[in-house]
Amino acid sequence: MIKLFKKNPLILLLGLVMVMMHACIHDDFEEPPLSEIPVGTVLTVSELLDLFQGDPVVFTDDYSVFATVTMDDKSGNIYRSAFVADHTGAVNLRLQAPGGIYQGDSVRIYLKGTTLGMYQQMMQLDNVNVDRNIVKIATNVAVEPGVITIPEITSAHQAHLIRLEDVQFVANEVGLPFADSENLLSMNRLLEDCSGNRIVVRTSGYANFADIPVPEGRGSLIAIVAQYGGTLQLYIRSINELSMDDERCPVPGDDYDLITIKELRENYLDGVTSIPPNTRIEGVVISDREHSNHPSQNLFMMDDSGQGIVIRFAGSHNFEMGTLLRVIVSNMVVSEFNGLMQIDNTPIGNAWDLGTSELPEPRVATIQEIKDNITTYQSTLVRIHGVTFSGGSTFAGSINITDATGSMPVFTHAWASFANSQVPTQTVTLTGIASIHFDPQLMIRSLNDIVEE
């Protein structure tokens with residue numbers, strides 16, 4: 001049987017007076033009592049993470065984890081969140097309220113009332129109340145980041161503090177802000193090493209360094225590894241942990257043989273499907289990643305020969321329209337997908353941004369000329385005058401265009417930014433990329449490709 005005891009107010013008052021008198025006599029104060037938050041069973045971070053077997057783990061008993069805070073939310077780059085680590089692993093804490101624990105705090109995390117789970121493939125300890133679940137042991141504890149390379153980063157490094165060396169931001173993002181501080185929008189910037197391996201650096205629009213320009217040089221940075229879905233990404237703790245004053249990585253391929261897209265296409269038509277070793281192509285990106293009227297792995301490019309081709313990367317790329325691109329195509333295979341010639345399964349690390357360039361001038365042609373000569377027109381910019389639309393009220397899917405010489409379809413992916421826009425009813429001049437899906441078709445890049453006549 002549990003008994004409840006009530007304390008006598010008079011006794012409490014007398015006790016308080018005695019304590020005050022004692023304090024007046026001695027100047028060597030006693031340490032405050034330890035927190036009354038129970039300890040219970042102590043787990044390492046690794047043991048904690050091992051408890052997750054696919055379903056959320058809700059802690060109802062007394063468990064504790066000792067760890068050190070490696071990133072807090074003071075910079076604004078993360079919100080109501082912190083990262084902690086011990087000698088066995090690291091984990092993301094999702095806090096009920098912002099603040100309260102800070103980088104360098106050595107803490108005991110009392111697990112009762114928290115939930116261990118996964119959000120978008122990122123492990124996290126949720127529902128952490130700083131007052132009820134955190135006991136601070138010390139402050140200003142230094143944690144050394146682990147030195148690692150971009151290819152070595154995997155999901156096993158979630159929440160870990162790392163240091164990358166000999167890295168740089170991709171050329172077309174140099175000078176841009178890390179995030180949109182005006183509209184408070186998060187942004188991704190790409191970091192690469194000198195071999196072309198890349199990883200996303202994610203920055204919140206609330207970060208106190210959001211409007212600082214992305215540095216041009218090469219060097220090192222310290223960051224926390226995170227994951228969102230299938231994308232590994234980095235969170236910078238402080239702009240002071242970037243040191244990028246060295247010269248940028250040399251762009252590989254200067255000593256490779258430059259082949260034109262026209263030569264590459266002619267070789268393929270002659271039966272040569274494998275590109276020779278030590279070969280590169282260079283051209284201008286004519287597709288528009290921003291408006292997304294193509295799969296995220298695909299890119300259309302043209303070179304000075306006036307020909308174009310599709311580069312299909314092994315993953316989503318980040319090359320904007322107008323980028324002058326070098327692609328190492330040594331030993332790559334040229335193939336056709338439903339009639340459209342492409343260089344398939346190209347590693348993203350094989351492509352190098354050489355800066356920006358003017359877009360090639362579209363070739364003025366009629367619909368019938370394009371259809372009759374699709375082998376040479378495919379993957380190039382074309383311009384058609386006197387065009388009318390039919391067969392649909394919006395762009396999504398396949399609709400028809402007609403000029404004085406004939407008709408052909410215009411195809412728009414459902415995920416394109418303009419897919420649900422209304423098709424013009426008047427005669428227009430239309431610019432787009434000539435393509436093939438069994439039969440010739442045209443793909444516009446954005447509504448800017450349509451001009452009223």
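## About the model

This is a predicted model, in which local features need pLDDT of at least 70 and side-chain atom pairs count only at pLDDT 80 or more, while totals for chains, interfaces and linings use all residues. Residues are numbered from 1 along each chain as its sequence is written, and side-chain values use heavy atoms, with hydrogens and water left out.

Let's start inside. The largest nonpolar core has 32 residues. A core here is a set of buried Ala, Val, Leu, Ile, Met, Phe, Trp, Tyr and Cys residues joined through side-chain atoms within 4.5 Å; buried means under 20% relative accessible area, exposed over 50%, and partly exposed in between (1.4 Å probe, protein chains only). I370, F389, F395, I401 and L430 have the most contacts inside this core. Elements that each supply at least two of its residues include α5 (367-372), β26 (381-390) and β29 (428-437). Helices (H or I, at least four residues) and strands (E, at least two) are DSSP runs, numbered from the N terminus.

A second, separate core has 24 residues, among them F59, I101, L111 and V128.

## Aromatic pairs

There are eight aromatic pairs in the structure. Rings of Phe, Tyr and Trp (its six-membered ring) pair if their centres lie within 6.5 Å; planes under 30 degrees apart count as stacked, over 60 as edge-to-face and the rest as tilted. Y119 and Y228 pair edge-to-face, at 6.4 Å centre to centre with 65° between the planes. Because Y119 sits in strand β7 (residues 115-119) and Y228 in strand β14 (residues 218-228), this pair ties together parts that are 109 residues apart in sequence. Y228 is partly exposed, at 44% relative accessibility.

F389 and F395 are also edge-to-face, at 5.7 Å and 85°. F389 is buried at 13% relative accessible area, and F395 is buried at 0%. Elsewhere, ring pairs link F169, F178 and F209 into a cluster.

Not counting residues up to four places away in sequence, F395 touches several residues, including F418, I444 and L447; contact means heavy atoms within 4.5 Å.

S446 lies in the loop between β30 (439-443) and β31 (450-452). Is S446 buried or exposed? S446 is buried, with a relative accessible area of 6%.
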